[in-house]
Amino acid sequence: MTKTELNSNSSNSSTEPGFNFAYLDEQTKRSIRRAILKAVAIPGHQIPFSSREMPMSYGWGTGGIQVTASVIGKEDTLKVIDQGADDTTNAVNIRRFFKKVCGVNTTEKTSEATLIQTRHRIPETPLKEGQTIVYQVPMPEPLFVIEPSRTEAAKMHALEEYGSMYVKLYEDITNYGYIATAYDYPVIVNDRYLMKPSPIPRFDNPKMNNNPALQLFGAGREKRIYAVPPYTKVKSLDFEDYPFSVENWDNKACEFCGSTDSYLDEVVIDNEGTRMWICSDTDYCNGQLIVNSLNCMS
Amino acid sequence: MKPLLNINRLSKTYGKLKACNNINFNLYPGQVLGIVGESGSGKSTLLNCIGSNLEIDTGEIIYTNSKNEILNIKQLPEPQHRKLTKTEWGFVQQNPRDGLRMNVTAGANIAERLLNVGVRHYGNIREEAKYWLEQVEIDTNRMDDFPHTFSGGMQQRLQLARVLVTKPRLIFMDEPTGGLDVSVQARLLDLLRSLVRNLHLSVILVTHDIGVVRLLAHRLLVMKNGQMVESGLTDRVLDDPQHPYTQQLVSSVLINN
Ligand SMILES: Nc1ncnc2c1ncn2[C@@H]1O[C@H](COP(=O)(O)OP(=O)(O)O)[C@@H](O)[C@H]1O
Ligand SMILES: [Mg+2]
Ligand SMILES: [Zn+2]
């Protein structure tokens, strides 16, 4: 996030005429930024905000888009990923949208981006200070599974009553012998608030911990924003005798780049149903391919 | 001996209806107090008021906790209050659906009270759950089954196990034998009697069944139209009832049985 655009109706040669910079009007952006500031001040705590209609439907990440629209500045370089890929329909549409209404530079390279909007993944390339990552959140309330009442859930957050949340983990171990929750694995932020990390694989949970980047979370339909400031403790729920662990692929390597420490997707590659394992993070995979070829040449 | 619980001029109305009108009594450690009266006399309302499921209109509920601190329940800050109801107190609901999570296993139902107080060791939680299932005479092979596969009597005993796992000092029970077959009732009553004695529990028990209090209660409180019309040692009240309403209650039992 760089300097934000303050001059509301300034016409920018590269943005579409008729839109305010980043689509939302300045007052809306200010009000969302106020919610973001509160969220940063209380890591992991959900802040209500008045979610706006966006020119795409809920489920396309309107919460994340509104957060991005509120923090983006002309100097920013934006990366948008969906399931780790920059070239899926969702990612392409959102990137195109921001290019149109902000005229900002976009990139597929994690290292070059100042602002990253994501659905379902955290990039493999470690984030750095100064970067901001915005998560699209479908359902922000971790307590919903055990407490459907929002008032009661708010009380449980206020009183830090998170014991019931472990019932689900208890049931997992009882049924499967391990904690089976694979996505949106709940975490405690800054030793205080219980938080849903959005449906990222639990493989990505450790990346949230002590991350140098600012992490923002936007839920459009549920009208909630929350945040993890840089260098904040993020701990995945577990039991003393069943510690949290991430997925592994029995020493499988990406069949493109050979990486053994990235998150792998199993994909069907032809009509015969042949499958292979490849990196879910396409930018990372490309980067590893280049590294490999440089190593070959030297 | 100091009372565990002191109820002082407690009143509760529903609109114009005085469901509990100026109730006073003390409960002493290790004592089982039976609240009897016909249907609609205000027994459940009184129990729910004392057990903090309902807000009272006027009066005081004074509780002496395990650290010997005297707490005015109405003035207790909410975090301590909620903690109290999840540790030192236990409520066994008339309808097991209100006291259990039906969509998680029996073991998880017991585990939850331990998880609420910060226990985070799965193996230890399993051991505790097993122990308390045994104490309430539920086959430990049923630990990973859902409560809706249990009989009514088992569900009541599971509620007990769930409550007992935090070693409560005070237990509230609303018609614990209601809706159970006579033979199942007898077994539950025997179990309750031995648990109360062995664990030195204090209990407030609501029932319309005089037979239940004769077996379990040390003292009785007789309610009629929201008022306490008589109270005293169980044997005295049942063998020599003073109030005409109590006389009627006791004699109708003699006729029915
Ligand atoms: N939530 C409520 N709203 C209004 N009236 C109620 C409510 N609950 C109970 N009552 C009334 O209060 C009186 C006492 O009810 P209750 O405490 O359930 O009696 P008991 O348990 O002795 O059968 C009854 O007349 C009942 O109809
Ligand atoms: Mg009742
Ligand atoms: Zn790869």
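Author: Let's start with A:C279, which counts as buried because its relative accessibility is 5% (buried means under 20% relative accessible area, exposed over 50%, partly exposed in between, with a 1.4 Å probe and protein chains only). Before going on, bear in mind that this is a predicted model: local features need pLDDT of at least 70, side-chain atom pairs count only at pLDDT 80 or more, and totals for chains, interfaces and linings use all residues. As for bookkeeping, residues are numbered from 1 along each chain as its sequence is written, chains are lettered from A and ligands numbered from 1 in the order in which they are written, and side-chain values use heavy atoms, with hydrogens and water left out.

A:C279 gives its SG to the zinc ion (ligand 3), along with the SG atoms of A:C254, A:C257 and A:C285, at 2.2 to 2.4 Å. Donors here are N, O and S atoms within 2.8 Å of the metal (3.2 Å for Na, K and Ca); water is not among the atoms, so sites may look incomplete. Along the chain, the donors of the zinc ion (ligand 3) are spaced C-x2-C-x21-C-x5-C. A:C257 sits in the loop between β10 (234-236) and β11 (264-268) of chain A, while A:C279 is in strand β12 (residues 275-279) of chain A, so this pair, 22 residues apart, links distant parts of the chain (strands are DSSP runs of E, at least two residues, numbered from the N terminus). A:C257 is buried too, at 6% relative accessibility.

Leaving aside neighbours within four places in sequence, A:F239 is in contact (heavy atoms within 4.5 Å) with residues including A:Y166, A:Y170, B:L115 and B:Y122.

That brings us to where the chains meet: 19 residues from chain A and 21 residues from chain B take part. About 1800 Å² is buried between chain A and chain B, 56% of it from carbon and sulfur atoms; buried area is the accessible area (1.4 Å probe) that two parts lose on being put together, summed over both. In chain A, A:V167, A:Y170 and A:E171 lose the most area to chain B, together 30% of what that side buries.

Conventions:
Helix = DSSP H or I, 4+ residues; strand = E, 2+ residues; numbered from the N terminus.
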